[in-house]
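Let's take a friendly look at a protein together. Here are its sequence and its structure.

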Amino acid sequence: MNQITVHSPATVANVVCGFDILGFALNEPNDELTISLSDVRGVTIINEDDYQLPTKAEDNVSGAALLALLSETPDIKGFQLISKKNIKPGSGIGSSAASAAGSVVAANILLNNRFSKEDLVRFAMFGEKVASGVKHADNIAPAIYGGVTLIRSIFPLDVISIDAPELYVTIVHPQIEVKTSDARQILKQRILLKDAIKQWGNIAGLVAGFINHDYDLIGRSLEDVIIEPVRSILIPGFDEIKLKCKEAGALGGGISGSGPSIFMLSQHASTAKIVEDVMKDIYNRIGLAYHTHVTTINKQGVKQIVL
Ligand code: HSE
């Protein structure tokens, strides 16, 4: 095969209490990426969407990830990448990770899977560095592995797939942009021990809740005493949405990645739809444009498609 097309999924990073270490992949929305080998050295990027993302490889999330991969493939001269983004940059549902992860997975299929998933996460993190200034893998790992992932460490890389029960995810994306780099800069660099204790109790509880398929424990553990109080002020209606969605039956939720999207988990599809209506009502009242998605956890991650 000389051309590979993949769908690369949106992801929810942090999962409320697990800043930079927890994430899961979504079945909707997806970016579409098509890659082929090229005789031109480096990465040639063609954007087939309206986002006007950079086409210089070093400045482009996909480009940076593919250049990292190329640095370990001396037999390959270059790639051509056609990118059709459906995941809006700056939305908080892993737009940059979808580009980076999808590109390296597609390239790896083209190269007969010579690299491991861990290698691909390592390459894709170069893309995240372009997007946010730091390497983090809590969007990339779930995009590549599928399901819920725990990043125990990035240096050295240690990714653990976490089993999780059937869950419905409702996302609302208010049409404002929050840059991950800005949302990281406002965070406190020092935290109180009492807050750290609460946070690691919740992270452990959430992981145990996923593994034991204990929906109540998942709900109780979706609490963030460190990041959310700082970042939520950037998102209009955040507190009301969280409160009303939980009253409507959601297990819980919070900021998706660095925002502005908000996600809620529900045990049943019918609840997830009601939660969507609650989100819509609040943003209609506030008068802020938004998009919503009701979806489920994507267990496969980036997948090859036949056009
Ligand atoms: N963990 C990262 C953050 C995710 O919250 O800054 C950004 O997509």
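The report below covers the model, its ligand site and some of its salt bridges.

## About the model

This is a predicted model, where local features need pLDDT of at least 70, side-chain atom pairs count only at pLDDT 80 or more, and totals for chains, interfaces and linings use all residues. Residues are numbered from 1 along each chain as its sequence is written, and side-chain values use heavy atoms, with hydrogens and water left out.

## Around the ligand

The side chain of Asp138 has an N or O atom 2.7 Å from a ligand nitrogen. Ligand oxygen atoms lie 2.9 Å from such an atom in the side chain of Asn139 and 2.8 Å from one in the side chain of Arg231.

## Salt bridges

The whole structure holds 14 salt bridges (a side-chain nitrogen of Lys or Arg within 4 Å of a carboxyl oxygen of Asp or Glu). One of them joins Arg122 and Glu72, at 3.0 Å from N to O. Arg122 lies in helix H3 and Glu72 in the loop between helix H1 and strand S4, so this pair ties together parts 50 residues apart in sequence. Helices (H or I, at least four residues) and strands (E, at least two) are DSSP runs, numbered from the N terminus.

Glu32, Glu48 and Lys84 are also linked, in a network of salt bridges.

Methods: A polar contact is a pair of N or O atoms within 3.5 Å; within protein, one must be able to donate a hydrogen and the other to accept it, and residues adjacent in sequence count only if both atoms are side-chain atoms.
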